[in-house]
Amino acid sequence: QVQLVESGGGLVQAGGSLRLSCAASGRPFSTYAMGWFRQAPGKEREFVATISWSALSIEYADSVKGRFTVSRDNAKNTGYLQMNGLKPEDTAIYSCAARFRAISQNAGDYNYWGQGTQVTVSS
């Protein structure tokens, strides 16, 4: 079992930055890939970023490329999503997820999920 807890969400003006954290416990953090997803009101959950256990494989959604950076610190059992240049359309609940295989952009491939953290970007 893996437990994931996100933090770092909040209210920020357009153009601002936030860093989300995903603290993991349970099985060794370095054994699984992590993904970040978001869901805005009235919309389906969408892929944001994913990172392999070694951080050698990383993928981003086109909508966040060049603005968001995913990373992880296996020694601290924590993953991060640095979000710069935030836009109102980035407003959503952001969740981290884990899977014991290669990275994936498909939410259905992930076995464990955090509860999510709200990010609100004002114009």
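Which side chain makes a polar contact with the side chain of Asp90 at 2.7 Å? I looked it up and found the side chain of Arg67. I took a polar contact as a pair of N or O atoms within 3.5 Å; within protein, one must be able to donate a hydrogen and the other to accept it, and residues adjacent in sequence count only if both atoms are side-chain atoms.

**Ground rules.** I am working with a predicted model, where local features need pLDDT of at least 70, side-chain atom pairs count only at pLDDT 80 or more, and totals for chains, interfaces and linings use all residues. Residues are numbered from 1 along each chain as its sequence is written, and side-chain values use heavy atoms, with hydrogens and water left out.

**Asp90.** I placed Asp90 in the loop between S8 and strand S9 (92–99). Strands here are DSSP runs of E, at least two residues long, numbered from the N terminus. Asp90 has a relative accessible area of 1%, so I noted it as buried. Buried means under 20% relative accessible area, exposed over 50%, and partly exposed in between (1.4 Å probe, protein chains only). The side chain of Asp90 also makes a polar contact with the side chain of Arg38, at 2.9 Å. I then listed contacts (heavy atoms within 4.5 Å). Leaving aside neighbours within four places in sequence, Asp90 touches Arg38, Arg67, Phe68, Gly85, Val119 and Val121.

**Salt bridges.** I counted a side-chain nitrogen of Lys or Arg within 4 Å of a carboxyl oxygen of Asp or Glu. The count comes to four. One of them joins Asp90 to Arg38, with the closest N and O atoms 2.9 Å apart. Arg38 sits in strand S4 (residues 33–39) and Asp90 in the S8–S9 loop, so this pair ties together parts 52 residues apart in sequence. Arg38 is buried, with a relative accessible area of 6%.

Arg67 forms a salt bridge with Asp90 as well, the closest N and O atoms being 2.7 Å apart. Arg67 lies in the loop between strand S6 (58–60) and S7, 23 residues from Asp90. Both Arg67 and Asp90 are buried. Salt bridges that share partners join Arg38, Glu46, Arg67 and Asp90 into one network.

I also looked at Lys65 and Asp62, a salt bridge with the closest N and O atoms 3.3 Å apart. Lys65 is partly exposed at 48%, and Asp62 is exposed at 65%.

**Disulfide.** How many disulfides does a search of the whole structure find? I got one, taking a disulfide as a pair of cysteine sulfur atoms within 2.5 Å. Cys22 is joined to Cys96, S to S 2.0 Å. The torsion about the S-S bond is about 65 degrees, so I wrote down right-handed. Cys22 is in strand S3 (residues 18–26) and Cys96 in strand S9, so the pair ties together parts 74 residues apart in sequence. Cys22 is buried at 0%, and Cys96 is buried at 0% too.

**Sheet.** I traced an open sheet of four strands, in the order S1-S3-S8-S7, with antiparallel pairing. Two strands pair if DSSP finds at least two bridges between them. Strand S1 (2–7) and strand S7 (68–73) stand at the edges with a single partner strand each, so one side of each has no neighbour in the sheet. Six bridges join S7 to strand S8 (residues 78–83). Among the residues paired here, Asp73 has Thr78 in S8 as its bridge partner.
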